[in-house]
Amino acid sequence: MEQSREEFLEQFGGDYGYPDAPRGVDQMRAADFKRLQGTVYLDHAGAALYSEPQMADVVKDLTSNFYGNPHSQSDSSMAATDQVTAARHQVLKYFNASPRDYKCIFTSGATAALKLVGECFPWSRESCYMYTMENHNSVLGIREYALSKGATALAVDIEEDKGLEKNHGSPSSGLFKISRHSNQRRGGDVLSQNCQNGSLSTVSENNWNLFAFPSECNFSGQKFNLNLVKLIKEGNLVGLPSQQQQ
């Protein structure tokens with residue numbers, strides 16, 4: 001085991017264990033996750049474990065303060081409301097997201113959050129839902145909401161030429177190649193103009209389109225360039241026309 005560890009660190013030591021952090025991952029594990037001694041846990045990204053110091057802080061907070069229903073107006077309820085509000089602001093600050101433009105909604109997990117998107121998105125028969133094949137299962141599930149409202153669903157594969165990015169510096173539309181799969185649509189009256197040939201063109205002023213991709217696929221581990229967001233918003237991605245998009 002020790003030999004395997006040394007071989008691993010020799011190959012990946014430069015990137016392993018948060019090298020620029022005040023404490024390395026081995027120190028954190030030994031001090032904050034004592035219960036893991038002799039255990040291998042491989043799902044931390046999907047179900048992060050709580051640390052002993054976190055639990056100690058939570059117990060101290062709950063045994064020192066009185067929190068009521070955050071939807072009421074009593075002193076204990078307002079104390080709970082203040083904590084929830086502070087947590088929301090902390091999340092928005094982490095993502096550099098202005099409270100003027102974004103809302104933080106707590107859910108039970110990624111699946112519940114994506115379900116909300118599918119249920120609340122303003123689908124129409126002119127909408128297109130485009131998603132990458134490499135994706136979270138629940139992202140794929142959003143297509144059922146889109147199709148049930150008459151929208152078109154389209155799966156794509158996106159390849160990135162990292163060599164071009166290295167040579168050109170900033171990412172551009174030429175760095176990505178989109179391979180389209182067949183359109184999916186329900187009903188006899190097929191109005192799939194805005195998904196024809198894989199485009200997200202605007203058919204009317206009232207239709208909304210949705211493109212979904214993960215920063216990292218939780219199945220295959222494939223990572224996507226986050227600059228896709230900027231390119232798609234600007235209409236500069238090959239396969240997506242430059243006309244105004246909603």
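Predicted model: local features only at pLDDT ≥ 70, side-chain atom pairs only at ≥ 80, totals over all residues.
Local features rest on pLDDT of at least 70 and side-chain atom pairs count only at pLDDT 80 or more, whereas totals for chains, interfaces and linings use all residues. Residues are numbered from 1 along each chain as its sequence is written, and side-chain values use heavy atoms, with hydrogens and water left out.

## Overall architecture

The chain has eight helices and four strands, where helices (H or I, at least four residues) and strands (E, at least two) are DSSP runs numbered from the N terminus. Read from the N terminus on, the elements follow the order α-α-α-α-α-β-α-β-α-β-β-α. Of the 246 residues in the chain, 26% are buried; here buried means under 20% relative accessible area, exposed over 50%, and partly exposed in between, with a 1.4 Å probe and protein chains only. Among contacts between residues at least 6 apart in sequence, 54% join residues at least 24 apart, a contact being heavy atoms within 4.5 Å.

## Helices H5 and H6

The axes of helix H5 (residues 110-120) and helix H6 (residues 137-148) come within 9 Å and cross at roughly 25°. Axes are lines fitted to C-alpha atoms, for helices over the stretch in contact, and angles run from 0 to 180 degrees between N-to-C directions. H5 and H6 are therefore roughly parallel to each other, on a scale where angles under 35 degrees count as roughly parallel, over 145 as roughly antiparallel, 65 to 115 as roughly perpendicular and the rest as oblique. Their crossing is right-handed, a term that applies if the near helix is turned clockwise from the far one by less than a right angle, and left-handed if anticlockwise.

On the H5 side the contact is made by Thr111, Leu114, Lys115, Val117, Gly118 and Glu119, which meet Ser138, Val139, Ile142 and Tyr145 in H6. The residues of this contact divide into five nonpolar, three polar and two charged; Ala, Val, Leu, Ile, Met, Phe, Trp, Tyr, Cys and Pro count as nonpolar, Asp, Glu, Lys and Arg as charged, and the others, Gly among them, as polar.

The buried residues of H6 are Ser138, Val139, Leu140, Ile142, Ala146 and Leu147, and they pack against H5, E1, E2 and E4. Ser138 is one of these buried residues of H6, and, leaving aside residues up to four places away in sequence, Ser138 touches Thr111 and Leu114. Arg143 also lies in H6, but counts as partly exposed because its relative accessibility is 26%. Just after H6, Gly150 takes a positive phi of about 90°.

## Nonpolar cores

A nonpolar core is a set of buried Ala, Val, Leu, Ile, Met, Phe, Trp, Tyr and Cys residues joined through side-chain atoms within 4.5 Å. The largest one holds 15 residues, of which Trp123, Tyr129, Tyr131, Val139, Ile142 and Leu210 touch the most other members. Two or more residues come from each of strand E1 (128-132), H6, strand E2 (152-160) and strand E4 (210-212), and H6 gives the most, with five residues. Trp123 touches Gly118, Tyr129, Ile142, Tyr145, Ala146, Lys149, Ala151 and Leu210, not counting residues up to four places away in sequence. Apart from this core lies another, of 13 residues, including Met130, Leu154, Ile158 and Leu231.

| Pair | Separation in sequence | C-alpha distance |
|---|---|---|
| Arg143 and Ala153 | ten residues | 6.0 Å |
| Arg185 and Gly150 | 35 residues | 6.9 Å |
| Ser138 and Ala113 | 25 residues | 9.2 Å |

Arg185 is found in the loop between strand E3 (176-180) and E4, and counts as buried because its relative accessibility is 18%.

## Two further residues

Ser76 lies in helix H4 (residues 75-94) and, at 14% relative accessibility, counts as buried. Its contacts, not counting residues up to four places away in sequence, are with Phe66, Tyr67 and Gly68. Asn96 is placed in the loop between H4 and H5, where, at 73% relative accessibility, Asn96 counts as exposed. Although Asn96 is not a glycine, it has a positive phi of about 55°.
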